[in-house]
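Please examine the structure shown below, together with its sequence.

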Amino acid sequence: MEQNYLLGNEAIAHACIESGVDFVSGYPGTPSSEVIDTLRLRPERSYYVEWSVNEKVALENALAAAWCGVRALCTMKHVGLNVAADPLMTSAYTGVTGGLVILSADDPFAHSSQNEQDTRCYAHFARIPCFDPASVQEAHDMIAGAFELSEEFHLPVLFRPTTRICHSKGDVQLGDVQESTRVGEFHKDPRQYVVIPAHTRVLHKKLNEKQPALRKRLVEKGFNRYEIRGKIAIIASGIGASYVQELLPPGISFMKIGAYPIDEEWLGDFVQKHEKVLVIEELAPEVEEIVRQVAGCVPVFGKKTGYAPYEGELSPLAVAGIMVKAGFLEKNPFSAIEPVQNLPPRPPILCAGCLHRSVFYAIKRVFKDAIYPSDIGCYTLGLQLGAVDTTICMGASITVASGIAHSGEPRDVVCTIGDSTFLHTGIQGLLNAVYNGANMTVFILDNRITAMTGHQPNPNTGQTACGVESPPVSLDAICRACGVSFVEGVDPYDYTGMVQVLQEARKRKGVKVIIAKQMCVISARRAGVKRGRYAVDPEACTGCGTCVRFGCPAIEFASEKAQINELCSGCSVCVQLCPAGAIAREGKK
Amino acid sequence: MSGSYDVLIVGIGGQGTILASNVLGEACLIEGRHVKGAETHGMAQRGGSVESHIRIGGEFGPLIAPGQADLLISFDLLETLRYSHYLKKDGKMVVNRRLVLPTSVYTQKLTAPSEDEIIAALKKYELCLLDADRIATEAGSPLSQNVVMLGAAARWMPLKPAMLLESVRRLVPKKTVEINTKAFEMGRDAGGKS
């Protein structure tokens, strides 16, 4: 046994190795990415690990491995589960032989996401178990149970940590690493694996028949448990349970839900022993709905009665507030202190020298009055530059663009999408746009890496998750194969050249694709690329503010003059923008 | 209520707040204490405002409630003000005397408080103000400013300075151990040893 100070995701990754995981796949997405990053970067591995091109692909791969009897882990963020929902729903019917744990990390408060959906609803929908850890240690400890349960019931199992588990840290007791020794073997059984109607009707019935024993087992294993201490009770799940435990006064019973489905009979017995109950859980009222079904005339306090919010994340302060309001705590131990008002916000920003900034600037210059659909990645920050009009989900820049173009909207449509997102779910949209004759321009922002989630490689990088060389895909050839005739590559640091290509694209009909190629500045810095810095000649600077409007964090403005700070990475785009010719390489004039 | 000692480390993405929080976590392990923490990952790290919560002796959730932090370690003056409401009435502040204005101040012409205004507003707290960049550069590398900050904050923390230093030595890259040791000691001097 070893004690470590670990990130939740690192602890989960280690627990998978302790369980002898054989096969790992997934697509990066905050807050889930570090699970595979931890697994793929270990110097010695006895398991297979891949970054897949999207979550559907990842889950189908992992499912097949589990059909072959090996233990498989598949990771994604909550919205990735939507992409993987198709195989997910039917995998509950086919079941698995080897354990299959599908980690879908939720992001209450949408710290880094487009919505706040709750993975527990998917588990309910698919009728498969779901684990909901309350702490880093528990997330670690539950993994072994998740694999065992998956194998015992031959069902895929969802594992739902939230941001405050994935990206929180704690002293974690680790177990011993187990080398994976299983070798996959596929046993042909069409009645299990070929879901034609005659087979699937039987499989659906079998899935339903598994439910009662499953519910009981989660109680027997201690994932769902309670302690009776008085006449009133709090039922809590996930990180909410940790907040409640810190505040819980003596004399209040406590039930902790760590896994679903909940045994209704067992839950009913507990609720009926109390005069009132309060339910604390993040996002959807998954626990509360069932509590209400079994509560009879016992009053239930929760989201449905306005005591707790349906949205956002819980915090010690919020939980204390709910407990006070519902009469489970006398007084809020935390004083509500207002933060200092009217400070300039410091949102995340595209890095100095980021290729995306110069692309957005060029688009805005050439297509002044156009619609700009965009996508999921660092470049969503182009919003700050007024160059992002829509973002909905992965790959939806191209499809939204063609939808707008076909709607009769007379303005030009120019969309932006990163290389990893294009390979994730962008290609089909491009194929569709060309097939159906849309008039639009697609800008692929090619930095050769999945940058936002922490620089994971993708098929465009030239290496696999474990650093093995792989043939880098040609985005140009993919676009041409989709039927695009105007495919042009540009260097986004050559601002003038990029503007010319955009002007050419603007004159043409049909789907035009421009691929802006430049390394992510963070990757470039790590690779030791040094371009030298630029500086403003204060004599020549007229203080017009053109370079400031470019929005680069390396450009500041003081005493009516622009100046360049140490963040400059030498992209030189501002040199090309300055109408006074006042910017030059540092030390040169 | 738990008896944890709650430390909030704030700054700008890329300044090394995560390493600083790892040092505290590792020091807790060395001393055999429980510890919980939470940090900012993902897109918010791209030059945005970042916070790390560390609860020394913490046994429950990782988040510190406003008004509960015993110690605020801040790498930037503006961020100090932004998170100052997390501090307890008698809480302590260790602050790097440096003000990086957000780009929005230039692009959207927002007003920002000046260095002097911020320092005046912080005077109501028990404040240790230091020039961590300068001290770090003197120690051998400006990159060691996070370790300078930890050194300066060491006197307030319920962890032995020797254990904090041991933790620094374990976590920084091998070739920078000497520089960071010096940075820690110079930080301790700047923070006023007790």
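In what order do the strands of the open sheet of 5 strands in chain A lie? The order is 9-11-10-13-14, and the pairing is mixed. Strands, like helices, are DSSP runs numbered from the N terminus, with at least two residues (E) for a strand and at least four (H or I) for a helix. Two strands are said to pair if DSSP finds at least two bridges between them. The edges of this sheet are strand 9 (224–227) and strand 14 (300–301) of chain A, each of which pairs on one side only.

Residues are numbered from 1 along each chain as its sequence is written, and chains are lettered from A and ligands numbered from 1 in the order in which they are written.

Within the sheet, strand 9 of chain A runs antiparallel to strand 11 (residues 252–257) of chain A, and 4 bridges join them. Asn224(A) stands opposite Ile257(A) of strand 11. Strand 11 of chain A also holds Met255(A). Met255(A) is buried, because 25 other C-beta atoms lie within 10 Å; a residue counts as buried with 20 or more other C-beta atoms within 10 Å of its own, as exposed with 12 or fewer, and as partly exposed in between, the C-beta atoms being placed from the backbone. Although 29 residues separate Met255(A) and Tyr226(A) in sequence, their C-alpha atoms are 4.0 Å apart in space. Neighbours within four places in sequence aside, Met255(A) is in contact with Tyr226(A), Ala233(A), Ile235(A) and Phe270(A), where contact requires C-beta atoms, placed from the backbone, to lie within 7 Å.

Consider next chain A as a whole. Chain A contains 22 helices and 23 strands. Its radius of gyration is 27 Å, close to the 25 Å that the globule rule gives for 589 residues, so chain A is as compact as a globular protein of that length. Here the radius is taken over C-alpha atoms, and the rule is 2.2 Å times the number of residues to the power 0.38. The C-alpha trace of chain A spans about 80 × 65 × 55 Å along its principal axes. An automatic or database domain assignment divides chain A into domain 1 (2–220), domain 2 (224–325), domain 3 (355–526) and domain 4 (534–585). The centres of domain 1 and domain 4 of chain A, taken over C-alpha atoms, are separated by 50 Å.

The interior of chain A may be described next. Of the 589 residues in chain A, 52% are buried. Among contacts in chain A with a separation of 6 or more, 76% come from residues 24 or more positions apart. One example of a buried residue is Thr441(A), which has 25 other C-beta atoms within 10 Å. Thr441(A) lies in strand 17 (residues 440–446) of chain A. Apart from neighbours within four places in sequence, Thr441(A) is in contact with Val414(A), Ala505(A), Lys512(A) and Ile514(A).

The last topic is the meeting of the two chains. In total, 44 residues of chain A are in contact with 45 residues of chain B. Helix 11 of chain A gives the most to the side of chain A that touches chain B, with 5 residues. Strand 8 of chain A and strand 2 of chain B run antiparallel and are joined by 3 bridges; Lys169(A) has Gly37(B) as its bridge partner. Strand 2 (residues 35–39) of chain B is largely enclosed by the rest of the structure, because 5 of its 5 residues are buried. On one side are Val35(B), Gly37(B) and Glu39(B), and on the other Lys36(B) and Ala38(B).

Finally, the confidence of the prediction may be stated. The predictor gives the complex an ipTM of 0.95 and a pTM of 0.97. Chain B averages a pLDDT of 93, and 96% of the residues score at least 70; pLDDT is the predictor's confidence in each residue, from 0 to 100.

Technical notes:
Predicted model: local features only at pLDDT ≥ 70, side-chain atom pairs only at ≥ 80, totals over all residues. Contact = placed C-beta atoms within 7 Å.
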